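Here is a friendly note to read with the model open beside you. Take the points in order and find each place on screen as you go.

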Amino acid sequence: MYARRILAVATLAIAATGCGVSTQQEVQMGNEYASQIEAQLPIVRDPEINRYINVLGDSIAGLADDRALEWTFRVVNAPEINAFAVPGGHIYVNRGLIERSQNLAQLAGVLGHEIGHVTMRHSVEQMEKAQTANLGITLGCVLTGICSNEAAQAAIQIGGAAVFANFSRKDEEEADEVGVAYVTRAGIDPRGIPQMFRILLDERTRSPGGVDAWFSSHPLEENRIAATEALIARIDPAILATLTMDSRNFQLFKQRIASLPPPPPSR
């Protein structure tokens with residue numbers, strides 16, 4: 001729901017510029033969207049939790065992008081398994097995903113993947129394509145409020161489906177590929193990425209409702225596990241042996257997450 005709102009606003013912003021999005025525009029829009037998101041979602045404000053997730057995220061992002069973005073990483077106090085990226089360097093990870101992560105490498109793999117969506121400018125590209133796919137419908141929704149009508153929502157889906165179906169799969173695969181490279185570069189074992197995929201697939205079998213948000217925005221099947229494992233197989237085993245799979249600090253971080261009050265009811 002939040003991602004759709006962001007996409008609608010972004011579509012209008014890009015339409016106003018009439019051209020491609022520069023890094024400066026991306027950062028400005030991202031900051032605005034981040035402010036909206038953090039006003040709507042239950043962001044964890046615990047200083048130790050924020051410190052850890054930002055140190056970990058920065059250790060990966062700092063080696064992934066040369067545009068001097070000011071990266072921010074936030075934990076959302078929500079039980080659902082999900083993570084998402086906003087243009088300009090804002091990454092959000094749900095508490096539920098952290099709780100399912102068994103080691104540092106698995107969480108780092110998710111961060112590397114989401115960082116990849118930013119560095120590869122996938123979200124910006126989606127906004128630009130959405131402008132062509134459904135700008136007229138989006139304008140009508142914003143100006144008249146008819147988007148609450150199910151027929152209007154269906155029209156948006158029909159108008160955008162051809163653009164986003166293949167596009168999102170391609171983006172996910174590309175984010176996987178650069179995510180493997182990013183975490184490896186940061187000294188973290190990339191085998192956490194396919195490990196996390198298997199955890200998510202198992203969770204979908206046991207309790208589908210808990211991972212609906214993830215699978216709706218991150219198409220995931222067995223072939224992506226095989227693809228990441230093939231990428232990792234190309235890495236020198238001697239290098240893999242030096243990479244970090246887990247740490248005491250990560251386990252302490254998880255304990256602190258577990259000590260938080262229960263997440264608020266979903267809106």
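1. A word on terms before we start: helices here are DSSP runs of at least four residues, numbered from the N terminus. Please also keep in mind that this is a predicted model.

2. With those helix names in hand, look for Asp 189. You will find Asp 189 in the loop between H7 and H8.

3. Is Asp 189 buried or exposed? Its relative accessibility is 2%, and buried means under 20%, so Asp 189 counts as buried.

4. Leaving aside residues up to four places away in sequence, Asp 189 touches Ala 105, Leu 240, Leu 243, Thr 244 and Met 245.

5. Next, empty space inside the model. Rolling a probe the size of a water molecule over the atoms shows where such space is left. Counting cavities of 30 Å³ or more gives one. The volume of the largest cavity is about 80 Å³.

6. Which elements give two or more residues to the lining of the largest cavity? They are helix H5 (104-119), helix H7 (150-185) and helix H8 (192-206). H8 supplies the largest share, five residues.

7. Finally, the lining itself. Of the 12 residues that line the largest cavity, Gly 109, Val 110, His 113, Ile 193 and Phe 197 lie nearest its centre. By type, the lining of this cavity divides into seven nonpolar residues, four polar and one charged.

Key. Residues numbered from 1 in each chain as written. Predicted model: local features only at pLDDT ≥ 70, side-chain atom pairs only at ≥ 80, totals over all residues. Heavy atoms only, no water. 1 Å grid on protein atoms, 1.4 Å probe; cavity = no way out; pocket = protein on both sides within 12 Å on 5 of 7 lines; lining within 4 Å. Points joined across faces, edges and corners; volume = space filled by probe spheres on them. Nonpolar A, V, L, I, M, F, W, Y, C, P; charged D, E, K, R; others polar. Buried < 20%, exposed > 50% of the residue type's maximum accessible area, 1.4 Å probe, protein only. Contact = heavy atoms within 4.5 Å.
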